[in-house]
Amino acid sequence: MTVVAYALAVVLNLFIVYIGVNFMFRPYSAAAGYGVPATQDRAYLEIKGVRDATFGVAGLAVLVFAGAHAEAWYMLAVTLAPLGDTLIVLRHGGTKAVAFGIHFATAMVMLVSAGLLFAV
């Protein structure tokens, strides 16, 4: 179970780094994939990218330097982001499929990851 817990945490952190990089370099297509297409405000999309990438790098740093228990708390705390994303997509005309199939599902996987890390 330890390998699965660590692997899932690493994958989730690398995935949010990837999303962040997408928002920095391909902000409009990344916004469309997020569920709320944007045609303006490139700077704000790039800011989102920097923040997302930072979440991922911080998560990897916590895992490497503070361990599984600290990473579990980190995962639990940052689960607020995809839960908030779910609400944003729903409030701004995105589809329920994207809101729940991507953002809410991500939050649930993060909670599973936190649970596995707490068990390590």
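**Ground rules**

I am working with a predicted model, where local features need pLDDT of at least 70, side-chain atom pairs count only at pLDDT 80 or more, and totals for chains, interfaces and linings use all residues. Residues are numbered from 1 along each chain as its sequence is written, and side-chain values use heavy atoms, with hydrogens and water left out.

**Entry 1: helix 4 and helix 6**

I started with helix 4 (residues 68-78) and helix 6 (residues 96-119), whose axes come within 8 Å and cross at roughly 160 degrees. For my own reference, helices are DSSP runs of H or I with at least four residues, numbered from the N terminus. Axes are lines fitted to C-alpha atoms, for helices over the stretch in contact, and the angles run from 0 to 180 degrees between N-to-C directions. Helix 4 and helix 6 are therefore roughly antiparallel, a label given to angles over 145 degrees.

I also looked up the handedness: helix 4 passes helix 6 in a left-handed crossing. Left-handed is the word if the near helix is turned anticlockwise from the far one by less than a right angle.

Next I listed who meets whom. From helix 4 I noted Ala68, His69, Glu71, Ala72, Trp73, Met75, Leu76 and Val78, which meet Met110, Leu111, Ser113, Ala114, Leu117 and Phe118 of helix 6. Contact here means heavy atoms within 4.5 Å. Sorted by class, this contact of helix 4 with helix 6 has eleven nonpolar, two polar and one charged residues. The classes are simple: Ala, Val, Leu, Ile, Met, Phe, Trp, Tyr, Cys and Pro are nonpolar, Asp, Glu, Lys and Arg are charged, and the others, Gly among them, are polar.

**Entry 2: methionine 75**

Is methionine 75 buried or exposed? With 2% relative accessibility, methionine 75 counts as buried (buried is under 20% relative accessible area, exposed over 50%, partly exposed in between, with a 1.4 Å probe and protein chains only). Not counting residues up to four places away in sequence, methionine 75 touches Ala9, Leu12, Asn13, Met110, Ser113, Ala114 and Leu117. I also checked alanine 5, which is 70 residues from methionine 75 along the chain, and found their C-alpha atoms separated by 12 Å.

**Entry 3: helix 5 and helix 6**

My next pair was helix 5 (residues 80-91) with helix 6, and their axes come within 8 Å and cross at roughly 170 degrees. Helix 5 and helix 6 are therefore roughly antiparallel to each other. On the helix 5 side I wrote down Pro82, Leu83, Asp85, Thr86, Val89 and Leu90, while helix 6 brings Lys96, Val98, Ala99, Phe100, His103, Phe104, Thr106, Ala107, Met108 and Met110. The class count for helix 5 with helix 6 is eleven nonpolar, three polar and two charged residues.

**Entry 4: helix 2 and helix 3**

At what angle do helix 2 and helix 3 pack? I read about 70 degrees for helix 2 (residues 27-34) and helix 3 (residues 42-66), with their axes 10 Å apart. That makes helix 2 roughly perpendicular to helix 3, the label for 65 to 115 degrees. Pro27, Tyr28, Ala31 and Tyr34 of helix 2 meet Arg42, Leu45, Glu46 and Lys48 of helix 3. By class I have five nonpolar, no polar and three charged residues in the contact of helix 2 with helix 3.

Tyrosine 34 lies in helix 2 and counts as buried at 12% relative accessibility. Leaving aside neighbours within four places in sequence, tyrosine 34 is in contact with Phe23, Lys48, Asp85, Ile88, Val89, Val98 and His103.

Phi of aspartate 41 is near 60 degrees, a positive value in a residue other than glycine. Most residues other than glycine have a negative phi.

**Entry 5: aromatic pairs**

How many aromatic pairs does the structure hold? I have four, with rings of Phe, Tyr and Trp (its six-membered ring) pairing if their centres lie within 6.5 Å. One of them is stacked: phenylalanine 15 and tyrosine 18, 6.5 Å centre to centre with 25 degrees between the planes (stacked is under 30 degrees, edge-to-face over 60, tilted the rest).

Key:
Helix = DSSP H or I, 4+ residues; strand = E, 2+ residues; numbered from the N terminus. Parallel < 35°, antiparallel > 145°, perpendicular 65-115°, else oblique.
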